[in-house]
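Subject: Structure for you to look over

Hello,

The structure I promised is below, and my notes follow it. Please read them with the coordinates open.

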Amino acid sequence: MKKLRERAAELLSQGVVSLVLGYEEGTKRPRPLFCRNSVNAEKLIFDSRCIHNLAVYITKKELVGKERFAVTAPISTLRSIMQLFVENQLNEEKLLVLTVDLNGELREFTTFDEIAAYVAQFELKRGEREQELLSKIEGMTREERWKFWMEEMSHCFKCYACRSACPLCYCSKCVVEVNRPQWINPWPAPLANMEWHINRAMHMVGRCTACGACGDACPIGIPIDLITRKMMEDMAPEFGYIPGQPAKQGNALSTWKLDDREQFIR
Amino acid sequence: MSSNTDFEPKIIAFVCNWCTYAGADLTGTSRLKYATNVKIVRFPCTGRIDFLLLLKSFAQGADGVIVSGCHPNDCHYTSGNFHARRRWIAFRSVLDLMGVDIRRIQYSWVSAAEGSKWADLVNNTVADIRALGPYAEYQKVADYLEKEGYNEEA
Amino acid sequence: MSKIGVFICHCGENISATVDVERVAREIGGMEGVAHAIDYKYMCSDPGQTFIKEAVKKYGLDGVVVGACSPRMHEPTFRRACAEAGLNPYLCEMANLREHCSWVHEKSEETTEKAIDLVKMLVEKVKKNKPLDSIKVPVTKKALVIGGGIAGIQASLDIANTGHKVILVERDPSIGGHMSQLSETFPTLDCSQCILTPRMVEVAQHPNIKLYTYAELESLEGFIGNFKAKIRLKAKSVNYSTCTGCGACIQKCPVKKIPSEFNAGLGTRTAIYVPFPQAVPNKPVIDRVNCNYYKRGACKICEKTCQVGSIEWDKEDEIITEEVGAVVLATGFDVKGTDFFPEYGYGQYKDVLTGLQFERLASASGPTFGEIRRPSDGAVPKKIVFIACAGSRDPAKGIPYCSKICCMYTAKHAMLYQHKVHDGESTVFYMDIRAGGKNYEEFVRRAIEEDTVNYVRGRVARVYEKNGKLIVKGVDTLLGGEQVEIEADMVVLATAGVANCGSEQLAQKLHVSYDPYHFFAEAHPKLKPVETNTAGIYLAGACQAPKDIPETVGMASGAAVKVAALFSNDELVREPVVAVVNRLAPPLYSTCVGCFMCETACPYNAIEHEEIKGRDGSLIRNSARVNQGLCQGCGTCVAFCRSKSIDIQGYTNEQVYAEVMSLLND
């Protein structure tokens, strides 16, 4: 942590970057810090409580500016950054990624390949909460699943915090705001909510890196992160990719293989 | 969900222009008969078929959906059907996770030469959906704003 | 509000017999946005089209829906009529009331209601249609003809004679195809080679034809008017620019026992070979599979024999690229071998032949110089049996169709046999005699009456060998199913004509459809017999279905005319069904965020990167842009775009959404 502060102060004072995006202590848990001068670098922290996915800010030009900037990133954020690289949303020349490895050493990355090599050693696993809920859902009949999700969805009031928290929801105009035609009604109603979440899951196929930010952001605690997570787990073996390790060429849905499954096609 | 003989399922078919639409034309040219329940919407390619359209169909009261295009390797646009196939694999998986009844979506490959296959596909799908009954579970939710709402039962 | 005109066609009685067309017109007339709705007996007729044109003017229509046959049939007709009346043609749509409704349902309330729904759907679509301008693309005035049989030869010559360049690609070392293997041709008995060879030579010498023999199509990209063909020139191992075709190498080649393809396996050839004496080009290739040098690394006798040093041992396959505007497929057919028939000995009896093998026996240039002799012992057969429909019209064998040419060539074979073996006895077992064609029936009667060929209507159950004879066990169904047994010296099977090997793969390379038997599919069985579903690719000859020489030649000329018509304009007018990435006012410029997932989804590499820049030249955003020349309008990118930033003209999100909503909203 000390090394991180020193390095951040150095980068800022030398003008290598104009911003270090990191974490500081909050009232209950760490919160994002937009550190624009070396004095503030003293506030930077980096530990296991720092789970807020800062990758969500790095596609927003109004926040990060046009200059080069640095971002401190735990594994889940690194995965998001990789996916953003794949989707042509980042410029290697303008981004410096900082992380602290298992030995407490500061690591710096500038390219997709460097991050990929580092991330490859971490396997993406279900946590206790995910395991418990997903096995419950997996054990349900179809009708029970429908009831379960409709019950959950009936509480959703479409605040779109899930969308705002997701680093991969960077569209300038979201499909729910498209009104010619109005594919998905923007107001909260069970079906409109359901459609939004099915749509979100489809848009995340092959892209979601299971950072869990959407679920954390939900003010009423709908486990929506499990939808995209389960999709990732199911589709990875189907389409031949490793969960949490975005491949450089092509998204799972925009590519295909001759021997993709088709037993369901009559 | 007992099968109801009075129940006439509403089925909408999303088909590609080059294979299945032409195949359905051949069904007509060959004067093969099939059920009137299915109405065809023409697309240039199965690759064009948006999953949201399938969702909207159920929301608007469809009891079943047919999605059909060219056989693998026969796509007029080389690979639209391969992209579609992937999309459907993922879509089925999402729907199943959410508890949507994926038996109501029938995917098929019907070529321009398979007029009789199209007739069989329609008749079999109509029979299957008739056996499943109306998709009230979904339609009830769709009517939420106009009627009393989802929670009446719960 | 829209002013839509709706025109419901009776199609004679094709639609009105099962659909209450008047009710359809009446109910649609009451729809919001419909200004005018009528029904008429034949909308596609002149008076019918005039109704549309007049209504467009009288009511100031801004959209037209014609409820008639399939849009695949008459969409161009009605769009043209609208254009003539001053309405943008892309504001006209068709509801398919015939193929998708009246022909597939019985007369009922439901059928009429479905028809109403189908028209409603298109009315809702048309409300969202936008005027579109067709796209003009340049045409490369050069044709690619694949296959150098009589179909390819005729098509090439016809196109070349209109003044356009032709690339003719042939898989074998010589052009000529199956026709060059035939002895005489029905119904005139003129010699096949005599009429074919002059045309082969003409191809070779024509200034507008570039001939690539021993070559195959590797890939085809692009679209009508603008194809890019990659052609693999297989290594001939002989330098054709220096080779004089003297043939010394062929005489000295020590590998002499290779079954000759040209002689259908009845004769032999060498490893360095010219397939037949009249081959074009008349220069040899080395068959690397059988050549001693390529097999064992030693021999090179041909190199020593060659006076001009033309042998090229290390020559590799070469891949060349040709830009062409149209493609004619003329890859022909093949016949089933005798090994396909367990009941006729699985091909193990040497004297059971296919019709094609018999052609070689009867041919003056064949292995027996035109004498009919048994392959087993060289004896002249005194009793010969011809079995028609060997495989054809036999669903159990997977070939339910009629091979069409066998009735005629079997009559010809029997006739040729009788002409050559005067004391011989010939018997033909047949199912039906199909002799439709000018002078065809007369020809068969001649075989039966003048040449005393014994025609037996019935199937042959079994052929087996006994004491050097072939025992043919059949039945005569005209004589009450009486058993017939003939001790024959030779049996000739008129084996089924099937798609040429590799036709499925070729169809996939070209993206043309094919039928369940792998014959290429025409765009319409009656009205577009030479077109394929892929614009700019045409069919000639037996690659579409088995057919005889006059039909093949006629079809080849037909395909050539299609190509010539395409080449008669410098520009081709294309349908504007292409994808478009939206462009908006600042500060958004476009809703496209440039994730370029559409780039990997596009089968045509039509997605380009565009840097949208501000007035000061600074980059505002990277967006996708569609190259309209390359885009073929599949719309895969549209369904893939998360922010709905790409749309496809003619099938826009608004249009298809309106269709779906109208179908289900009651």
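The expected span of a helix is 1.5 Å times one less than its number of residues. Helix α8 of chain A, residues 190-204, has 15 residues and covers 21 Å between its first and last C-alpha, close to the 21 Å expected. Please keep in mind that this is a predicted model.

After α8(A) comes Gly206(A), which has a positive phi, near 80°.

Chain B has five helices and four strands. Along the sequence they follow the pattern β-α-β-α-β-α-β-α-α. Of the 154 residues in chain B, 67% are buried. Among contacts in chain B with a separation of 6 or more, 84% are between residues 24 or more positions apart.

Next, the contact between chains B and C. Chain C gives 41 residues to this contact and chain B gives 41 residues. On the chain C side, the elements that supply two or more residues are α4 (98-102), α5 (109-128), α17 (636-640) and α18 (653-664). By class, the chain C side has 18 nonpolar, 14 polar and nine charged residues.

Chain C itself is divided into four parts, listed here with their bounds:

- domain 1: 4-131
- domain 2: 142-322 + 515-522 + 536-567
- domain 3: 333-498
- domain 4: 579-649

The C-alpha centres of domain 3 and domain 4 of chain C are 64 Å apart.

Chain C also has a helix pair to look at. Helix α12 (residues 406-420) of chain C packs against helix α13 (residues 440-449) of chain C at an angle of about 35°, and their axes are 9 Å apart. The crossing of α12(C) past α13(C) is left-handed.

Which residues of α12(C) and α13(C) meet? From α12(C) they are Met408(C), Ala411(C), Ala414(C) and Met415(C), and from α13(C) they are Tyr440(C), Phe443(C), Val444(C) and Ala447(C). This contact of α12(C) with α13(C) has eight nonpolar residues, no polar residues and no charged residues. On the spacing of residues in such a contact, an α-helix has 3.6 residues a turn, so residues three or four places apart point the same way.

Regards

Definitions and conventions
Residues are numbered from 1 along each chain as its sequence is written. Chains are lettered from A and ligands numbered from 1 in the order in which they are written. This is a predicted model: local features need pLDDT of at least 70, side-chain atom pairs count only at pLDDT 80 or more; totals for chains, interfaces and linings use all residues. Two residues are in contact if their C-beta atoms, placed from the backbone, lie within 7 Å. Ala, Val, Leu, Ile, Met, Phe, Trp, Tyr, Cys and Pro count as nonpolar, Asp, Glu, Lys and Arg as charged, and the others, Gly among them, as polar. A residue is buried if 20 or more other C-beta atoms lie within 10 Å of its own, exposed if 12 or fewer, and partly exposed in between; C-beta atoms are placed from the backbone. Axes are lines fitted to C-alpha atoms, for helices over the stretch in contact, and angles run from 0 to 180 degrees between N-to-C directions. A crossing is left-handed if the near helix is turned anticlockwise from the far one by less than a right angle, and right-handed if clockwise. Domain bounds come from an automatic or database domain assignment.
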